[in-house]
Amino acid sequence: MASSPGRRSRRAAVTAEASIRRALVSVSDKDGIEELARSLAALGVELVSTGGTARLLGAAGIAVTEVSALTGFPEIMAGRVKTLHPHVHGALLGRRGIDDGVMREHGIEAIDLLVVNLYPFERTVAGPDCRFEEAVENIDIGGPAMLRAAAKNHAAVAVVCDPGDYPRIVEEMRQGSGRIGAATRFELAAKAFAHTARYDAAIADFLGSVDDPGRHPMRRRRFSRIHTRQLVLEAEMRYGENPHQGAAFYRESRGPETLPMVAGAPLAQGKPLSFNNVADADTALQCVNALGAEPACVIVKHANPCGAAIAATPAEAYAGAFRTDPAAAFGGIVALNRSLDAGLARTILERQFVEVLIVPQLEEGAADALAVKPDVRVLVVHGLDEANGAAARGNEERHLELRSVRGGVLVQEADHDPVAADDLDVVTRRAPTRAEVADLLFAWRVAWFVKSNAIVYAGNRATRGIGGGQASRVHSARIARLKAKEEGLELGGTVMASDAFFPFRDGIDAAAEAGVAAVIQPGGSRRDGEVIAAADAHGMAMVFTGVRHFRH
């Protein structure tokens, strides 16, 4: 008599909680696998393995059964075919309490735990000397098939694809008399499917980027015909830009890990970051990172720098940045590229309301000083002080940036700035002094992060006035000048940076009227001659960078 669905599901649930008796282990990344295997063996788990993993475990004195003994068929085609067999996939897919009879009929013994990670495809194709044939051979077939099979049958099988999960699996088995609970199995199954999705996406992206597979080195397209990103939920937010908009923060599973990032940075204090906090913090972090190796501070409000400075100490850098526009700094994001001490922490909290404070490290006493304002969000971005302006000098890791539009996505290489003092093209009769060059490069890098049209006045490597986000460059220059006047900041002898060329001489005339002594801009206008002549007429120095930094 057939079992009812209710009786069958109850039986399956009971048998699914049985202890782990048999595990198949087959990994490309061998880190931690010997320790895991010893722990499993000590818990009475029978180990089955393949190829190199089996040899490694055997050499370590751990009892292991070759998968060929399980299948009755040898590994063939140089290891291309070894686990694609009913005695493997039936053992993983067999539903406990439903498929038991079929499994007995065909001599299939259940596998309760699968530990698999895949051929290093991404690392292989990232190599400069990778041949197309080598890339193809690193496309794993059996591994993803097993992961998917075990994950599908997670009611009965635990699947592990991340070596970071080894310790928790062993501990749960020790605490649970050899069992792995349903909640853990479900979580691991979701992780396995995400892992295979990312793996397949990497293969599709690579194949979509190859124009001539027979050529060495391979001819690669700048942008693949297929672009797939996997985003991992970092946090759900109370709302988006406005309270009626839902929002969440995702991080890339294949992010640019060598650069300091807001994504993944630990929050040392304060409420969770809001949607706008993340956007502003990203701008502040990138800008302070671009300013170089010396102590620097950037204050950002509504995705625009409202003050920035480089100085001998972090405290002096903060003072220079805050001085530019104290009103705009209220409720802003403060980013430092040096560790924060207790004294500067108290100064910042006394001077202004700060939404987010970004630092590479908190010195002794700083956390206590910040604790008097528990709502202040303190983001610790490790590597920020070590990076020392890597972004400004053009980090070679050119990750792609995405911007959504209705029904599509714009993709571009991340902006970078390779301009150094030796790259500046002096186009006026007067060349800038050494001090002016330092100020010009400083102002140029701040302007990089100001919304276009961007104008930055600076002196002694501190901003004096910032204008941006205007339809007219002249209006941005007027706003920057007005802000400097409101704060009593002198513009005589300062420098001016523009993110794009001046289409007319009026911008230079206005700068000269304000007292600007030197200008940095990309050049490239049809009226460059007219603009240069205006600078010469005012006795100004002007340099061209040949690089534009629009930021919309």
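User: How many helices and strands does the secondary structure of the protein come to?
Analyst: This is a predicted model: local features need pLDDT of at least 70, side-chain atom pairs count only at pLDDT 80 or more, and totals for chains, interfaces and linings use all residues. Residues are numbered from 1 along each chain as its sequence is written, and side-chain values use heavy atoms, with hydrogens and water left out. Helices (H or I, at least four residues) and strands (E, at least two) are DSSP runs, numbered from the N terminus. The totals are 21 helices and 23 strands.

User: What percentage of the 552 residues counts as buried?
Analyst: Buried means under 20% relative accessible area (1.4 Å probe, protein chains only). Of the 552 residues, the buried part is 47%.

User: Which residues have the most contacts inside the largest nonpolar core?
Analyst: A nonpolar core is a set of buried Ala, Val, Leu, Ile, Met, Phe, Trp, Tyr and Cys residues joined through side-chain atoms within 4.5 Å. The largest has 58 residues. α11 gives the most to this core, with seven residues. The most contacts inside the core belong to Leu 92, Leu 113, Leu 114 and Val 115.

User: Are α9 and α11 roughly parallel or roughly antiparallel?
Analyst: Axes are lines fitted to C-alpha atoms, for helices over the stretch in contact (heavy atoms within 4.5 Å). Angles run from 0 to 180 degrees between N-to-C directions; under 35 counts as roughly parallel, over 145 as roughly antiparallel. The axes of α9 (residues 142-152) and α11 (residues 182-209) come within 9 Å and cross at roughly 150 degrees. So α9 is, relative to α11, roughly antiparallel.

Notes: Parallel < 35°, antiparallel > 145°, perpendicular 65-115°, else oblique. Buried < 20%, exposed > 50% of the residue type's maximum accessible area, 1.4 Å probe, protein only.
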